[in-house]
Each structure stands twice: as structure tokens, then as C-alpha cells.
Amino acid sequence: IGTGTDVAVEAAQVVLMRSDLEDVLTAIDLSRKTFNRIRLNYVWAMGYNLLGIPIAAGMLYPSTQFLLPPWLAGGAMAFSSISVVCSSLALKRYKRPIGIIRDHSYIPKVLRPENMCNV
């Protein structure tokens with residue numbers, strides 16, 4: 001049977017490994033950057049497929065007599081997947097913000113000092 005700490009670590013979405021509360025703000029910042037990267041990848045893949053699939057299906061053939069060879073269409077779809085993966089790998093270069101406490105833009109509005117009640 002696990003201890004209470006083990007259960008908490010398994011149930012938590014984020015676990016602080018040090019006693020520095022700036023890590024909470026860093027986790028919030030990293031999650032925002034991750035979500036923005038997910039949006040960017042989604043928009044990129046959607047736009048790429050909205051343009052690429054009709055071209056690969058031969059929509060340009062009636063007007064331009066251009067047919068995309070199957071090997072080139074397959075390569076284009078592989079490039080789409082590779083570009084999304086490479087874009088996601090850019091998150092490995094994440095650096096925690098400097099001066100995170102002084103700049104309140106990283107702190108959720110509920111946790112900002114001006115919104116805290118004095119107890």
C-alpha cells in the first residue's frame with residue numbers, strides 16, 4: 001500500500017520537486033506555451049490538408065491539366081506530419097521566464113497580489 005505522498009503524486013497533474021513557488025508560475029507559463037503550440041500545429045495541419053488534399057485529388061486537372069504524382073502526394077503528407085513533430089520538438093528549447101514574480105502577466109488574475117484579500 002502506498003503512502004499518502006505516493007497517492008498525491010499519482011493523482012496530481014503537476015508535482016513540485018522543490019520548495020520554490022516560482023515553479024508553479026513556470027508550470028503555468030509552460031502549459032500556455034504548450035497549448036499555443038498545439039493550436040499552431042492544428043492550424044498548420046488543417047491549412048496544409050485543406051490545400052493539399054484537393055490538389056492531390058486532381059482538382060487542378062480540369063483547368064491546368066496538372067496531376068500530382070502519387071509519390072509526390074505521399075511525400076507531401078509525410079512532410080506535413082514531420083513539420084508538426086518538429087514544431088512540437090521546439091518546446092524542448094523552453095526557458096523559464098526571468099523576473100516572473102515582478103511581471104504579473106504570468107500570474108492568473110485570481111492569484112495576483114492586488115486581488116488577494118488580507119487575512
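A residue is called buried when its relative accessible area is under 20%, exposed when it is over 50%, and partly exposed in between (1.4 Å probe, protein chains only). The model on your screen is predicted, so local features need pLDDT of at least 70 and side-chain atom pairs count only at pLDDT 80 or more, while totals for chains, interfaces and linings use all residues. Residues are numbered from 1 along each chain as its sequence is written, and side-chain values use heavy atoms, with hydrogens and water left out.

Select Thr-26 to begin, a residue of helix 2 (helices are DSSP runs of H or I, at least four residues, numbered from the N terminus). With a relative accessibility of 12%, Thr-26 counts as buried, and its side chain makes a polar contact of 3.4 Å with the side chain of Arg-96 (a pair of N or O atoms within 3.5 Å, one able to donate a hydrogen and the other to accept it; residues adjacent in sequence count only if both atoms are side-chain atoms).

Next, select Trp-44, Tyr-48 and Phe-79, which ring pairs link into a cluster (ring centres within 6.5 Å; planes under 30 degrees apart are stacked, over 60 edge-to-face, the rest tilted). Trp-44 and Tyr-48 form a tilted pair, 5.5 Å centre to centre with 40 degrees between the planes. Tyr-48 and Phe-79 form another tilted pair, at 6.3 Å and 50 degrees; because Tyr-48 lies in helix 2 and Phe-79 in helix 4, this pair ties together parts 31 residues apart in sequence.

Finally, select helix 4, residues 70-89, where Ala-73, Ser-80, Ser-83 and Ser-87 are buried.

Terms used: Helices (H or I, at least four residues) and strands (E, at least two) are DSSP runs, numbered from the N terminus. The expected span of a helix is 1.5 Å times one less than its number of residues. Rings of Phe, Tyr and Trp (its six-membered ring) pair if their centres lie within 6.5 Å; planes under 30 degrees apart count as stacked, over 60 as edge-to-face and the rest as tilted.
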